Amino acid sequence: METQKWLTMAAICMSLMQMCRAVGSTSKEDDKITSLPGQPQVSFNQYGGYITIDEYQNRALFYYFVEAETEAASKPLVLWLNGGPGCSSVGAGAFSEHGPFRPSGGANLTINEYSWNKEANMLYLESPAGVGFSYSANKSFYNLVNDTITAQDNVVFLEKWFLKFPEYKNRAFFITGESYAGHYVPQLGKLIVDSGLQFNFKGIAIGNPLMEFNGDINSQTEYYWSHGLISDSCYQLMNSVCNMSQLWRQSLQGSLSNGCEIVDARLIAEIPDESIDYYDVTADVCVSYSASTSATTQNHPSRARFEILQSKNVDVCVQEKTDTYLNMKQVQAALHAKLIGVTSWSSCTQVMHYDRRNLEIPTIDVVGELVSSGIRVLVYSGDQDSVIPFISSRALVDGLANKLKMNTTSSYKAWLQDKQIGGWTQVYGEMLTYATIRGGSHFVPLSSPKRALALFKSFLTGTPLI
């Protein structure tokens, strides 16, 4: 009996060793991208491929990795996560915001002058499975996804990714993201700290982040009114009859109270959905917007349209062009990507069902735990975003600093970029910074690329915005 037990244990150990060898022996060269269709010539390396998270359930996460434009061996590693929950880091972060290339129509790419790989080695992760090119062969997984599973899968991804790219294991490591990454990023950071993983984890940066549901969502009312989007009477109704968080919860349940029906009707009348970009209230919209694309974002918690984008000297239709580009078979082949269980790539998932109750779990105290653990934190806000307005984020960070008894080391002041005000900032102690980006949208690197890059550089180097 003991012999049989020993043999069984030995077989299990051998199987695990073979699995580890399989992961470790998979060369990063297998994932190296020779060139993307329509790509201008560049000197840095880029990679795309999968990391299997669960061998038995066949669940794998897709990544796109671009090394720094210059001196890659000495620059930090930065993980980027888009939010949603359920929207693509490759489609948004990499190809619409701060990656090295922007789709310009068809199978063509142009250089992004303000790419974040000027300052860091950028790792874009499609997470959780069911988002973008990431997948689970066991489709029942898509009905079980929540913050805990997402953070756990992302840690497994990182552990296995570092086996494939061991030269980055001891590199200064930062986690960044926007929107619902206000959940993803702090929770992943806390799991890394609590697990004692030997990552050289230095800091997090989260843009227009969802950190406290009621405060973040209800601050939309003040933002709408102060920016002239709603009337005085509508403002009074939203403060007395049905606030935004109540409207959101009831909409999710599929039935509105009489009061919320009145408020909803007034909002629809005063803020025409297809004529205003909730993510950037001063921007034009993409006039070629097609209703056929709305299915990709119908589950986004803000109910705003992900494809309606910013103007301000940027291509307002870049997301539409990204959708077209990433759905080309030759592009998918070049990225080493594949479609599993879906017929097309989508900017926001059409198959994964996230536990929406997680949206109401505050993460501001998780941010505080990271600060207390010696992890540097930057919270930043594009000040033209009505979805998660700076009004709430600024108050949450200030409240956290007071709770942690952190002194203000740099009072609220303007910071400059090219002799113009880039935004405003306040610093608490040595580990917590809040900043706004003047004229910035929910997608700061898209609407304000030059200022976003200046902010990013300041964050990585730990130098104050001045």
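1. Arg-59 and its surroundings. In this predicted model, Arg-59 touches Ile-51, Thr-52, Ile-53, Asp-54, Ala-129, Tyr-135, Ser-136, Phe-141 and Asp-153, leaving aside residues up to four places away in sequence. Arg-59 belongs to strand 2, which covers residues 59-66. Its relative accessibility is 10%, and the cut-off for buried is under 20%, so Arg-59 counts as buried.

2. Aromatic pairs, and one of them in detail. The structure holds 35 aromatic pairs. One of these joins Tyr-47 and Phe-165, with 5.2 Å from centre to centre and 85° between the planes, an edge-to-face arrangement. Tyr-47 is part of strand 1 (residues 46-54), while Phe-165 sits in the loop between helix 3 (147-164) and strand 8 (173-178); the pair therefore ties together parts that are 118 residues apart in sequence. Both partners are shielded: Tyr-47 counts as buried at 1% relative accessibility, and Phe-165 counts as buried at 0%.

3. Tyr-223 has a relative accessibility of 0% and counts as buried. Phe-390 is also buried, with a relative accessible area of 18%; the cut-off is under 20%.

4. The aromatic cluster. Ring pairs connect Tyr-47, Tyr-63, Phe-65, Phe-157, Trp-161, Phe-162, Phe-165, Tyr-168, Phe-173, Phe-199 and Phe-201 into a cluster.

5. Phe-199 is located in the loop between helix 4 and strand 9 (201-207), and at 11% relative accessibility it counts as buried. Leaving out residues up to four places away in sequence, Phe-199 touches Leu-158, Glu-159, Phe-162, Lys-169, Phe-173 and Ile-192. The C-alpha atom of Phe-199 is separated by 9.9 Å from that of Phe-174, a residue 25 places away along the chain.

6. A charge over a ring. Lys-338 lies over the face of Tyr-50, at 5.4 Å from the ring centre.

7. Packing of helix 3 on helix 4. What angle do helix 3 and helix 4 make? The angle is about 60°, and the axes are 9 Å apart, with helix 4 covering residues 181-195. The two helices are therefore oblique to each other. Their crossing is right-handed. On the helix 3 side, the contact is made by Asp-147, Thr-150, Ala-151, Gln-152, Asn-154, Val-155 and Leu-158. Helix 4 contributes His-183, Tyr-184, Gln-187, Leu-188, Leu-191 and Ile-192.

8. Helix 7. Which residues of helix 7 (residues 244-253) are buried? They are Met-244, Ser-245, Leu-247, Trp-248 and Gln-250. These buried residues pack against helix 5, helix 6 (232-240) and helix 8 (258-270). After helix 7 comes Gly-254, whose phi is positive, near 85°.

Technical notes
Residues numbered from 1 in each chain as written. Predicted model: local features only at pLDDT ≥ 70, side-chain atom pairs only at ≥ 80, totals over all residues. Heavy atoms only, no water. Phe/Tyr/Trp six-rings, centres within 6.5 Å; stacked < 30°, edge-to-face > 60°. Helix = DSSP H or I, 4+ residues; strand = E, 2+ residues; numbered from the N terminus. Buried < 20%, exposed > 50% of the residue type's maximum accessible area, 1.4 Å probe, protein only. Lys NZ or Arg CZ within 6 Å of the ring centre and 35° of its normal. Axes fitted to C-alpha atoms, helices over the stretch in contact; angles between N-to-C directions. Parallel < 35°, antiparallel > 145°, perpendicular 65-115°, else oblique. Left-handed = near helix turned anticlockwise from the far one by under 90°. Contact = heavy atoms within 4.5 Å.
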